[in-house]
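Hi,

Here is the structure we talked about, with my notes below it. Have a look at it first, then read on.

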Amino acid sequence: MSKLNDFLTEAGVFFLATEDGGQPKLRPLGAHLEMDGKVLFGVGDFKDVYKQMTANPLVEIAACKPDGQWLRYTGRAVFETDPKYAAAALDAMPDLKKIYNDETGHKLMMFHLEDAKAVVIQLMGEGTPID
């Protein structure tokens, strides 16, 4: 997982693709963390992306580094039930506490991908799976 986490960190912004009534939906994200052998991502419980992922958990993440290498990470989103993951994410990214707190009532829903495949692709090259 460290190679995946490192790639996402170097890319900075990455994109999460979901499906909504047969229409692909894509949005930028940047928040992620590695914990307990998983790369975790977070979305708000009040956002359409969360509703889309609970209706259809098949998602894809795409990222591109400045050198032109890009990543395709595809799998089934599994939301974590242990609140330690959201707490760790909020500690690592304190600006998110302005959105996700008791006052707003919004919750940060953490997920990881299972049955996942990650491929790094060189600019104009072939893909290489990462473990």
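Let me start with Glu10, which is partly exposed at a relative accessible area of 47% (buried means under 20%, exposed over 50%, and partly exposed in between, with a 1.4 Å probe and protein chains only). Before going further: this is a predicted model, so local features need pLDDT of at least 70 and side-chain atom pairs count only at pLDDT 80 or more, while totals for chains, interfaces and linings use all residues. Residues are numbered from 1 along each chain as its sequence is written, and side-chain values use heavy atoms, with hydrogens and water left out.

Salt bridges

Glu10 and Lys65 join their side chains in a salt bridge, 3.6 Å from N to O (the rule is a side-chain nitrogen of Lys or Arg within 4 Å of a carboxyl oxygen of Asp or Glu). What does this pair tie together? Lys65 sits in the loop between β5 (58-64) and β6 (70-79) and Glu10 in helix α1, so the link is between parts 55 residues apart in sequence. Helices (H or I, at least four residues) and strands (E, at least two) are DSSP runs, numbered from the N terminus.

Another one is between Lys51 and Asp48, with the closest N and O atoms 3.9 Å apart. Both belong to helix α2 and are three residues apart, so about one helical turn separates them. Lys51 is partly exposed at 47%, and Asp48 is exposed at 51%.

Lys97 and Asp91 form a salt bridge too, at 3.5 Å from N to O. Here Lys97 is partly exposed, with 38% relative accessible area, and Asp91 is exposed at 57%.

Gln52

Is Gln52 buried or exposed? Gln52 is buried, with a relative accessible area of 6%, and its place is in helix α2 (residues 48-55). Its side chain makes a polar contact with the side chain of Thr18 at 2.5 Å (a pair of N or O atoms within 3.5 Å; within protein, one must be able to donate a hydrogen and the other to accept it, and residues adjacent in sequence count only if both atoms are side-chain atoms). If you skip neighbours within four places in sequence, Gln52 is in contact with Thr18, Glu19, Asp20, Lys25 and Arg27 (contact being heavy atoms within 4.5 Å).

Strands β3 (residues 32-35) and β4 (residues 38-44) pair in the antiparallel sense over four bridges (pairing takes at least two DSSP bridges between two strands). His32 has Phe41 in β4 as its bridge partner. Two residues lie between the strands of this hairpin, and Asp36 in the turn has a positive phi of about 55 degrees.

One more loop residue

Val13 is found in the loop between α1 (2-11) and β1 (14-20), and at 46% relative accessibility Val13 is partly exposed.

Cheers
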